[in-house]
Amino acid sequence: GKLAEDLRLKNSHLAGLLFILQPLVFALSNDVMTEVPMALGVVIALRLWFAERWIASCLLVSFLPLLRPEGFLLAPVWGLFLLALAYNSEHPNCFTRIQIGSLLSAGFLLFLLACLLITGDILYYVHEWSWAYESGTKSGELLHHFYQWFEYCGALLFPIFIAGIIPSLKKKMALPWAVWLVVILTHSIFYWRGIFGSVGFMRIM
């Protein structure tokens with residue numbers, strides 16, 4: 001709801017209701033896998049971004065790869081949006097942007113150091129962690145998750161999602177759309193190639 005307010009969406013007070021109307025939201029509410037904290041981390045990072053707390057937002061994003069492999073792709077997205085900020089007195093200058101952007105690697109570099117010190121294997125997250133590269137058990141079509149989007153939204157929300165696409169194509173929504181595309185495309189590629197434990201069900205929806 002607060003994110004909808006940050007985005008200045010009309011009827012933002014309905015965001016919570018629309019969220020719980022997703023068909024599988026209660027089935028996943030007690031899920032202890034990594035998708036739920038990842039989704040929460042992304043929402044907090046977005047809210048920090050719209051509050052113009054660039055440093056805090058970038059630092060949080062830097063730790064997202066520890067939760068899910070999509071985090072590796074979200075960090076460059078944040079960096080690109082940081083560089084694309086309008087040049088004015090309210091936004092950081094170019095040198096400051098580069099300094100802030102360097103923070104996008106902080107969490108992951110600390111994680112690599114922890115892997116090395118604790119396990120002796122700097123690539124522990126690839127070889128042994130919960131989403132090891134070769135842990136996939138299924139694979140399918142590249143567009144699998146796009147075909148499944150109707151089921152993720154449900155019959156009630158899918159028409160609302162479709163109807164909202166054109167009105168949401170505005171500057172304020174650019175970063176949320178970029179996040180959505182990164183997540184769904186990453187999951188699509190994982191399932192297509194049968195890697196990182198993808199089984200064709202996108203819990204982070």
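Over which ring does the charged end of Arg193 sit? I looked, and the ring belongs to Trp192, with its centre 5.0 Å from that charged end. My rule for a charge over a ring: NZ of Lys or CZ of Arg is within 6 Å of the ring centre and within 35 degrees of the ring normal. I found another case at Tyr87, where the charged end of Arg97 sits over the ring, 4.0 Å from the centre.

**Ground rules**

I am reading a predicted model, in which local features need pLDDT of at least 70, side-chain atom pairs count only at pLDDT 80 or more, and totals for chains, interfaces and linings use all residues. Residues are numbered from 1 along each chain as its sequence is written, and side-chain values use heavy atoms, with hydrogens and water left out.

**Aromatic pairs**

I searched the whole structure and got ten aromatic pairs. Rings of Phe, Tyr and Trp (its six-membered ring) pair if their centres lie within 6.5 Å; planes under 30 degrees apart are stacked, over 60 edge-to-face, and the rest tilted.

I took Phe72 and Phe108 next. Their ring centres are 5.0 Å apart and their planes stand at 85°, so I noted the pair as edge-to-face. Phe72 is in helix 5 (residues 71-83) and Phe108 in helix 7 (residues 106-119), so the pair ties together parts 36 residues apart in sequence. Helices here are DSSP runs (H or I, at least four residues), numbered from the N terminus. Then I checked burial: buried means under 20% relative accessible area, exposed over 50%, partly exposed in between (1.4 Å probe, protein chains only). Phe108 is buried at 17%. Phe72 is partly exposed at 28%.

I moved on to Trp177 and Trp180. Their centres are 5.4 Å apart and their planes at 85°, so this pair is edge-to-face. Both sit in helix 11 (residues 174-193), three residues apart, which means about one helical turn between them. Trp177 is buried at 19%, while Trp180 is partly exposed at 22%.

**Loops**

Which residues does Ser12 touch, leaving out those up to four places away in sequence? I found Gly1, Ala4 and Glu5 (contact means heavy atoms within 4.5 Å). Ser12 is in the loop between helix 1 (2-6) and helix 2 (15-20). It is buried, at 17% relative accessibility.

Asn11 is in the loop between helix 1 and helix 2. Its phi is positive, about 55°, though it is not a glycine. I noted that most residues other than glycine have a negative phi. Glu52 also has a positive phi, near 60°. Glu52 is in the loop between helix 3 (35-50) and helix 4 (54-63). It is partly exposed, at 39%.

Methods
Helix = DSSP H or I, 4+ residues; strand = E, 2+ residues; numbered from the N terminus.
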